[in-house]
Structures are given as C-alpha cells and as structure tokens.
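Please read the following note beside the sequence and the model. It is set out as numbered points.

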Amino acid sequence: MRIKLLVLSLALLASCEQPCEMPATKTKVDTTVKKQMTTVFNNNVSLTGDRTISGNVHFKNGLNLNGHTLTVNGTVKVWGYLNGGGTLEYCGTLKAGKIQNNPTLVDLCATLSVDDKVDGDVENIFIPCETETPYIVQEDGVTYVIE
C-alpha cells in the first residue's frame, strides 16, 4: 500500500511541474538588400560649384572642394587629398587618404538611439530552457532574431 501511495504521489508531483522557460528577446530585423550605384572619378576632381551625387562615389586621385559644397547620398572614398576649404556632406562612411585646408565634413545620416530598441522592434519573450540561441525565425514574412 505504501508503494502505491508513493507512486501516486510522485505521479501527482510530476504532473504539476511547470516547463522550464528562460527570458529572451525577439528583435525585428530588416533583411532588405539596398544596392547603390558607385560613381568613380579616376582623375583629380576640382569643384567649380556646388554639386550633388546620388549613390557612392570614389575619387581615385583626390578631391578639391574649392570652397564649394559637395553632397553625396552615399559613401565617399578619396585616394589622395581631400582639401579645399569647402563642405562635404555625405550619408554613409567617409574615407580619405589625407585631409588638408580644413574642409567641413557633415554626416547627414548620423543617428543616435537613446532607448533599448537599437536594431529594430524588440519584444521580451520566454523560450524553452533547452533552446540554443541566437536563432532566426520568420513570422508572416517578417524576420526576427531570438537571443
């Protein structure tokens, strides 16, 4: 009789166990591919007025702003000198071999995030303890990273 009671007690306790869960985050990820055109200038470029270039731009032999403003809606790479006392506005990264005559450099796309949503929409969730993270999941055509 004691053995039957012990078995019944253990069965009852086992049925009351909660599944093990641990906290995790579910972050929405932008998976779109954005291809930008790259314009390449092989000779030294000297501006004669304000100009705007859409996409990335490479100056293989230097860029002289000559006191003018160049606006680039993309990444700028300058082999040689970036100079001329003008303004270079860009949206992306800027790499230059050397800089002289103090051009004004303005990152038009600089952003600052002051909340916890650094990469996208973040949701706190619980996942089974035995789950290995991080992993990627798609729901209704939206991609999320679980960590």
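Predicted model: local features only at pLDDT ≥ 70, side-chain atom pairs only at ≥ 80, totals over all residues.

1. Residues are numbered from 1 along each chain as its sequence is written, and side-chain values use heavy atoms, without hydrogens and water.

2. Four strands form an open sheet in the order S12-S1-S14-S13, with antiparallel pairing. Strands are DSSP runs (E, at least two residues), numbered from the N terminus, and two of them pair if DSSP finds at least two bridges between them. Strands S12 (122-128) and S13 (135-139) each have a single partner strand, so one side of each is left without a neighbour in the sheet.

3. Within this sheet, S1 (residues 21-29) and S14 (residues 142-146) run antiparallel and are joined by four bridges. Tyr144 in S14 is the bridge partner of Lys28. Lys26 lies over the face of Tyr144, 4.6 Å from the ring centre; the rule asks that NZ of Lys or CZ of Arg be within 6 Å of the ring centre and within 35 degrees of the ring normal. Lys60 likewise lies over the face of Trp79, at 4.4 Å.

4. One aromatic pair is counted. The ring centres of Phe41 and Phe59 are 5.3 Å apart and their planes are at 5 degrees, so the pair is stacked (centres within 6.5 Å, planes under 30 degrees apart). Phe59 is buried, with a relative accessible area of 1% (buried means under 20%).

Technical notes. Phe/Tyr/Trp six-rings, centres within 6.5 Å; stacked < 30°, edge-to-face > 60°. Buried < 20%, exposed > 50% of the residue type's maximum accessible area, 1.4 Å probe, protein only.
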